[in-house]
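Please examine the sequence and the structure shown below before reading on.

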Amino acid sequence: MGQAVIGPDLQNALNKITEPVEIIVTFWGDNELNDQEKQILNNAGITSGYYFKSLPIAGVSADQTIINTLASYSEVRSIYLNKELTYYNYEARKITGVDKVQSDPTFTSRNGGMPVSGKGVSILVNDSGVDGTHPDLEYGDILVQNVLGSTNLQAYSSLGPVTYVENQPNTDTNSGHGTHVAGTVAGRGVASNSKYQGVAIGADLIGYGSGGVLFVLDGIGGFDYALTHQFEYSIRAITNSWGSSGDFDPNHPINIASKMAYDRGMVTLFAAGNSGPGENTHNPYAKAPWVISVGAGDKAGELADFSSRGTKGGGGTFEINGETYTWKDEPTIVAPGVDIISTRTISPIGVLSTDRDLENIEEAYLAYYTTLDGTSMATPHVAGIVALLLEINPSLTPDEVKSILQQTATNMYGRESWEVGAGYVNAYAAVQNAFDETTQFGSSLNAYRTFNSHAFFEKSTSPFEVTYDPTTITSTTHTFSLTGNESAVVAKVSAEGLAGETGNTINLILIAPDGTEYSSGISVLFAITFDRVVQIANPMAGEWTVEVRGLRGNEINPTDGLALPETVEGTITTKTSAGYSGLNDIEDHPAETAIKLAITDRLMDGFNDKNFSPDKNLKRIQLADYLMMGQQVRQHLPINGSRSFSDIDGEFNTLITESAVNRGAALRDTNQIYKGVMRTENNGKFEPKENVSRAELAYSLVQGLGMERLANSAITDPVTVQYKDERIPLDDSDQIPEELKGHVQMALDLGIMHAEFSLEQGPFDLEPTITAIFSPDEAVKRAEYAVAVTRTQSANPNAAPAKVANNNESGSTNAYEFSLQQNYPNPFNPSTNITYSLNEHGMVSLNIYNILGQKVASLVNTSQEAGRYTISWDAHELSSGIYIYRLETNDRVLIKKMHLIK
């Protein structure tokens, strides 16, 4: 008891408060406010607000004087700002459009006046079990049945039917995995005041699990239970967040079981696996053509490194009962699988993620929720969306459900179908398509396009064998040589080869010629499931070494650990560029490198005459196409079937133009609240053949990054550009439309676009004057777009623009925010410039790291005053690839990426 605690956000704002703000006042005690505490509020000058019925807390508005007065009372425990919260499961629902589905009045009216929630649809969670004592998953309500599968062969003394122990409140007694999965599918959010709701909050759940460790028989048991009780519980889908490794085998009993479910009209979903990022790491049960395979992305729309990939061009055909099936070795779809907050087991406490939980989850909710990553978390999200589709149209077949999810997906930046399938799931468009199956989605998807220009790569695979022995200090190694021309090298060991099926906890290591080590990592809980894969982009030339280590290996005894002795067999695969096609006219063009990168990452395409035409003007219809292709723009068509533009014809052009102008177009716009990525005049025309101006391009690329709010706050007059250690006002700033100045400022500060500098010096001037122009009305060339669009991936969508020198009535003031700008040029070879701003004096470090987090350069390590700084970095001794630069001062850190291309 003593001086009240003032929350850090309120502390930071206290001296700047000029009008009352909303605060939360907490008194000592464990009951509602007593008369004395109410009187304290009155004495401080508070006349309105409210207090809770059972908690010693009041919510009020107060100015600085009142806050300081309240803090002086010993009876006041704390005062906090009533700030907006970030919802983590909520974000997953936002980015995929689930929240938008359930709040859309058109969908509600078409669904009999009820929000689309999955009502009437039952999902079987085939996992470790479900804790039905959790308020969000209450047994007997949401969880209509909970089954403990007894598939332990040792428990049977004679040949008889399998035993299912039904009506169990809690079957997830040794893991917590299935409870987390169930909460993502249909958790009601009761314990969090709806904050951490699942996707299909109206659906019913059937839990099936063994209580902990999962074997093939356990997985089959879930399918068997679903088939046996399909009509009793109206089971329409089965979600499976587990798997194995190896090749697809249509005769495997798991695949047979999933095929029977498919034949009976049930949708089956499998996690793609967590063995990425190399090729051929895909869960074999997820490869069956009748199931939905789900990869994991983050909430910014990027593919998670751990998410398993298929094989480029992989797949085949097979026959069952005279019918031929074709399968592709690729995921079906990607959904949020990083930092997913969902239900945890209540008792006993199962899976824990203590550090992230304490950081992300409010203290009152820590006992009910936990944070996990994985395709295990992405799969139930899609299962929930499946429930929404089946509520709308119960007659949909598993094939039709899968097709809707694929056709309505969003392209992912620089990713091919063997990595992400159709792309990032779009629940809103999927629900719209379920209501109206004639809606024409899908023609803009890269997975189904025919491209005119291509990048080719050659792959070479060779086997290796190394022996691991925990009883000795040394182990055998395998060496191989690289020329330095390779674009990637991948080392892989199949999980099925690790000490049979015991789940050997070994770590696969690649050692570079300079001694740098790259590790696969080990999953302690699910070691049996995950391949060991190490992938390195743009590896250096020289002799490389492959080694395996145990869980506790170290430099002194690298083989000493908890793993079992074993001879490990694996493969080394190298990927080398084999040239390009459809780019006959770009040789020796200044933008040749950027054009090739744009083609490689599917950010643009050439023409069908095998040329790219780099110096032709970019047209508006081409911009719409390329934004859809490479800037993660959600597919959209008006719900009522109308069309916005009288000068647009055809299914494809209609889709890309409607999508480009739609509010919430950018996938990085998680809340789907910002304007579209292209602008149009209010005349009902799109003007597809008009040129794209530089100002309009700045708008489109910044909007595509989901940075509208930052752009609106970055509007300055005049617009300025960084030149060495100073900001240069643009001479033609007044020619930039007022509403686009913030976007141009952001494009310049992020290094996406550039200004043109020149020197002017009169006959008697001692020094030249530096001038800069942006040429906002100038038409964008196709080559210029290639340069700009390849820079967008490195731009940090969360970076705030630095404040620069602004003139006001009281004179010139310099106000700086702690910020780190995108390097320029980017991509670069071999040197680039890095600009940062400091808002206060302090020790500053600016370091460069490779993609694995190893420091490769230290650029700044000294004390600096507040201000703006620019430093150059020469990387001629390093290989091509992605590098990270990290600015740190006064316990604050900013990080950005840059791309070195040689």
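In this predicted model, five strands form an open sheet in the order β1-β5-β2-β4-β3, and the pairing within this sheet is mixed. Its edge strands are β1 (5–6) and β3 (49–51), each of which pairs on one side only. Strand β2 (residues 21–27) and strand β5 (residues 76–81) run antiparallel and are joined by five bridges. Within this pairing, V25 stands opposite I79 in β5. Helix α2 (residues 35–44) lies across β2, β3 and β4 (57–62), and the helix runs at about 150° to β2.

In general, the strands of a sheet pair through backbone hydrogen bonds, in either a parallel or an antiparallel manner.

A further open sheet consists of four strands in the order β19-β24-β21-β22, with antiparallel pairing. Here the edge strands are β19 (478–482) and β22 (517–519), each pairing on one side only. On average, neighbouring strands of this sheet are turned by 25° against each other, direction ignored. Strand β21 (residues 507–511) pairs with β22 in the antiparallel sense over three bridges. The bridge partner of L510 is Y518 in β22.

**The chain as a whole**

The chain contains 22 helices and 38 strands. It has 902 residues, of which 55% count as buried. Among contacts between residues at least 6 apart in sequence, 74% join residues at least 24 apart.

**Packing of helices**

Two packed helices are described by the angle between their axes and the distance between the axes. The table gives these values for two pairs of helices.

| Helix pair | Angle between axes | Distance between axes |
|---|---|---|
| α12 (residues 375–392) and α13 (residues 398–407) | roughly 115° | within 11 Å |
| α17 and α18 | about 75° | 9 Å |

The contact is made by V382, I385, V386, L389 and L390 of α12, together with V401, I404 and L405 of α13.

The α-helix has 3.6 residues a turn, so residues three or four places apart point the same way.

The second pair in the table is α17 and α18, and these helices are therefore also roughly perpendicular to each other. On the α17 side, I621, A624, D625 and M628 meet F652, N653, I656, T657, S659 and A660 in α18. The residues of the contact of α17 with α18 divide into six nonpolar, three polar and one charged. In helix α18 (residues 651–661), the buried residues are T654, L655, I656, T657, E658, S659 and A660. What covers these buried residues of α18 includes α17 (620–630).

**Individual residues and their surroundings**

A residue counts as buried when its relative accessible area is under 20%. Is F435 buried or exposed? F435 has a relative accessibility of 18% and therefore counts as buried. This residue is located in helix α15 (residues 427–435). Leaving aside its neighbours within four places in sequence, F435 is in contact with F107, R110, N111, V116 and I392. F435 and I392 are 43 residues apart in sequence, while their C-alpha atoms are 6.4 Å apart in space.

K741 belongs to helix α21 (residues 741–749). Because its relative accessibility is 2%, K741 counts as buried. Which residues does K741 touch, not counting residues up to four places away in sequence? K741 touches I715, T716, D717, V719, S733 and I736.

Helix α10 (residues 253–263) also contains buried residues, namely I254, N255, A257, S258, K259, A261 and Y262. Just after α10, G265 takes a positive phi of about 90°.

Methods: Residues are numbered from 1 along each chain as its sequence is written. This is a predicted model: local features need pLDDT of at least 70, side-chain atom pairs count only at pLDDT 80 or more; totals for chains, interfaces and linings use all residues. Side-chain values use heavy atoms; hydrogens and water are left out. Two strands pair if DSSP finds at least two bridges between them. Helices (H or I, at least four residues) and strands (E, at least two) are DSSP runs, numbered from the N terminus. Axes are lines fitted to C-alpha atoms, for helices over the stretch in contact, and angles run from 0 to 180 degrees between N-to-C directions. Contact means heavy atoms within 4.5 Å. Buried means under 20% relative accessible area, exposed over 50%, partly exposed in between (1.4 Å probe, protein chains only). Angles under 35 degrees count as roughly parallel, over 145 as roughly antiparallel, 65 to 115 as roughly perpendicular and the rest as oblique. Ala, Val, Leu, Ile, Met, Phe, Trp, Tyr, Cys and Pro count as nonpolar, Asp, Glu, Lys and Arg as charged, and the others, Gly among them, as polar.
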